[in-house]
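Below is a set of questions and answers on one structure. Each answer ends on the name or value asked for.

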Amino acid sequence: MMKSDASAGPPSPLDSARSYGRAGSSMQDFASQNPCTWCDGCGDYGIWTAARSALVDLHIWPWQVLLCYDVGCHGNMSDKIGGYRFHGLHGRVLPLAAGAALANPTIPVIAFGGDGASFSEGVGHLVHAVRSNYRFTFVMHNNANYGLTTGQASALTWQDQKMNSSPNGIPETTLNSMDFIFSLQPTFVARGWSGDIAQMSKILQAAIRHRGFAYVDMLQACPTYNKFATHEWLMQHCYDAATEGHDPKNFEKARALAVDTQNRVATGILYQTEDVPAFHERLKPREGVTTTSVQEVKIVDTSRWLKAFE
Ligand SMILES: Cc1ncc(C[n+]2csc(CCOP(=O)(O)OP(=O)(O)O)c2C)c(N)n1
């Protein structure tokens, strides 16, 4: 482990993204040979395009970013994009992205997960990713159902909607995901929707540059199984909160705006604070360390400890 009095730690993804500006990548650099298998009109196409566009606009090359995927329709993006990718288990993308971000805080890490993965299967991980403020971006593909397993209700399916697994509507109350996130004292909350690629790209660029856990709720059209928040519904109800003077520094106003989706849905960067250090910046033993944990990995002979069990 290398310690330096002068440095507060290894360079951050923010610094790296700046230095990447010397020579830019292109959308073609993130291309993959694999054909897309999403349904016609699936919002995943828009989110996939916005993700690549954000990386290109930040001048990040495919080998300078880690893209982590959960299991689901959205997770199928993992073989439709160039770059270093990690396709994990259902509901487990957050801990694996957190581990990668902690091991090497100098590279941007982006995790993609569905609402089923995030608010049912892996909801415990979401709680701790927000409160720990690990430094990475989380793109929550919010199609309000379990897409890959053919339209089961998720915790975010709207009340009274008939789904394949619940033909009479869900008996439980729909989880208020934004209220839940705000209750955990987040440092970055944004909302985009899959029909506005330019706005999603801008949100993602800000999220990648954020010095902590960036939660991005991407409302996603799912024409096959979600018959309520359709592309047309999203187009009619979503508006950019910045155009109405929203100040993302105001926690209480941001929370109220995020939760109130009755008549209109506010999008854009809803809340951001840079006042809270990221998890790895609070670790006392890492203070002044200029190397990353990845650089410190070395082969250790464990035989002397194993002798104790002989
Ligand atoms: C531990 C575990 N539980 C359940 C499954 C089955 N499974 C695979 S995808 C999926 C639903 C995915 O829904 P969501 O996370 O919302 O993503 P989407 O397909 O909508 O993008 C389920 C239940 C699994 N693969 N692993």
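Q: Where is the place of L156?
A: This is a predicted model, in which local features need pLDDT of at least 70, side-chain atom pairs count only at pLDDT 80 or more, and totals for chains, interfaces and linings use all residues. Residues are numbered from 1 along each chain as its sequence is written. Helices (H or I, at least four residues) and strands (E, at least two) are DSSP runs, numbered from the N terminus. L156 is in the loop between strand 4 and helix 6 (177-182).

Q: Is L156 buried or exposed?
A: C-beta atoms are placed from the backbone, and a residue is buried if 20 or more other C-beta atoms lie within 10 Å of its own, exposed if 12 or fewer, and partly exposed in between. L156 has 22 other C-beta atoms within 10 Å, so L156 is buried.

Q: Which residues does L156 touch, not counting residues up to four places away in sequence?
A: Contact means that the C-beta atoms of two residues, placed from the backbone, lie within 7 Å. By that criterion L156 touches D115, F119, N142, A144, T174, L175 and S177.

Q: Is P167 buried or exposed?
A: P167 also has its place in the loop between strand 4 and helix 6. Its count is 7 other C-beta atoms within 10 Å, so P167 is exposed.

Q: What is the order of the eight strands in the open sheet?
A: Two strands pair if DSSP finds at least two bridges between them. The pairing in this sheet is mixed, and the order is 2-1-3-4-6-5-8-7.

Q: Which residue of strand 2 is the bridge partner of L66?
A: Strand 1 (residues 66-69) pairs with strand 2 in the parallel sense over four bridges. The bridge partner of L66 is Y84.

Q: How many residues of strand 4 are buried?
A: F136, F138, M140 and N142 point one way from strand 4, while T137, V139 and H141 point the other way. In a regular strand the side chains alternate between the two faces of the sheet. Strand 4 is largely enclosed by the rest of the structure, because the buried residues number seven of the seven.

Q: Which residue of strand 6 is the bridge partner of V139?
A: Strand 4 is joined to strand 3 by five bridges, in parallel, and F112 has V139 as its bridge partner. Strand 4 also pairs with strand 6 in the parallel sense, over seven bridges. In strand 6, the partner of V139 is V216.
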